[in-house]
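Subject: Structure handover

Hi,

My notes on what turned up follow below it.

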Amino acid sequence: MTESVPRAPRRWRWAASDDGEARTWFAIANDGIIATAGILEGFAGAGAGDQMLLTAAATATIAGMLSVGGAEWAEASAERDSQLRASEDEQREIQDNPEAEARELTTYYRDKGLTPEVAEEVSRQLMARDPLSVQLETEYGIREIRTTLRAGVGAGLVHAVGALIPLLISFFFPSRMESLAIVAAVVISLTITSVLSARLGRTHLRRTLLRSLGVGLATMAISYLVGLLVL
């Protein structure tokens with residue numbers, strides 16, 4: 001099957017303009033911010049010095065980037081395999097019995113509310129143009145075959161961008177000021193990403209913001225307490 005996806009540079013532009021994928025990337029960035037900040041607060045609670053905090057931040061950033069990127073790549077690969085299998089099945093059915101596939105498509109559009117005549121004409125035109133793509137979209141909701149590279153690399157980079165915020169704080173701020181600086185930076189960062197995510201998803205801004213800040217502040221507080229307990 002020839003995949004109906006744009007060429008490489010356009011794939012990334014498409015991802016950036018797609019609301020669903022953009023919201024996912026904001027969530028991954030938030031995870032990078034919160035996870036790395038939580039680790040730093042835990043080390044700070046245990047009384048770690050500047051060098052130890054910087055090492056912890058750098059390690060958390062790299063490990064998180066590889067872990068999230070790898071997990072997203074594995075998930076995308078599994079989904080891609082499923083999509084390719086569905087594509088092969090549909091291609092075989094179209095070759096073996098195109099009339100039956102056309103009737104299925106006509107029924108689909110009739111159920112959507114079109115008159116039998118219009119549904120049949122729509123089906124005929126779509127089947128004449130690109131029967132495989134239209135069957136995949138109507139039967140499986142597949143508009144394009146997923147690309148595993150974009151999913152894995154994109155998720156890893158976005159996680160690293162989020163983790164970079166507490167990492168830079170551990171580099172520029174001394175340990176005695178670091179905890180407060182991290183909290184302030186996390187609150188500001190989560191506020192920005194929550195506003196952008198809410199606008200893209202057309203969700204309630206206040207609830208989105210409260211959820212993000214609640215998880216972030218709770219993670220840092222608990223991590224700091226754990227650091228105090230194991231000191």
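Contact here means heavy atoms within 4.5 Å. This is a predicted model: local features need pLDDT of at least 70, side-chain atom pairs count only at pLDDT 80 or more, and totals for chains, interfaces and linings use all residues. Numbering starts from 1 along each chain as its sequence is written, and side-chain values use heavy atoms, with hydrogens and water left out.

Start with Ile 182. Skipping residues up to four places away in sequence, Ile 182 touches Ala 37, Leu 40, Glu 41, Ile 169 and Met 220.

Ile 182 also figures in the largest nonpolar core, which has 18 residues. Such a core is a set of buried Ala, Val, Leu, Ile, Met, Phe, Trp, Tyr and Cys residues joined through side-chain atoms within 4.5 Å. Buried means under 20% relative accessible area, with a 1.4 Å probe and protein chains only. The residues with the most contacts inside the core are Leu 40, Ile 182, Val 186 and Leu 190. Helices α2 (19-45), α3 (50-96), α7 (148-172), α8 (175-201) and α9 (205-230) each supply at least two of its residues. Helices are DSSP runs (H or I, at least four residues), numbered from the N terminus.

Next, the α8 and α9 pair. Their axes are 9 Å apart, and the packing angle is about 155°. α8 is therefore roughly antiparallel to α9, a label for angles over 145 degrees. Axes are lines fitted to C-alpha atoms over the stretch in contact, and angles run from 0 to 180 degrees between N-to-C directions. Residues of α8 in this contact include Ile 182, Val 186 and Leu 190; from α9, Met 220 and Tyr 224 are among them. The contact residues divide into 13 nonpolar, six polar and no charged. Here Ala, Val, Leu, Ile, Met, Phe, Trp, Tyr, Cys and Pro count as nonpolar, Asp, Glu, Lys and Arg as charged, and the others, Gly among them, as polar.

Two more residues to look at.

Ile 28 lies in α2. Ile 28 counts as buried because its relative accessibility is 12%. Beyond four places in sequence, Ile 28 is in contact with Val 68, Ala 155, Val 158 and His 159. Its C-alpha atom is 10.0 Å from that of Ala 163, 135 residues apart along the chain.

Gln 135 sits in α6 (residues 131-140). At 1% relative accessibility, Gln 135 is buried. Outside four places in sequence, Gln 135 touches residues including Glu 90, Glu 101, Glu 104 and Tyr 140.

Best wishes

Conventions:
Buried < 20%, exposed > 50% of the residue type's maximum accessible area, 1.4 Å probe, protein only. Parallel < 35°, antiparallel > 145°, perpendicular 65-115°, else oblique.
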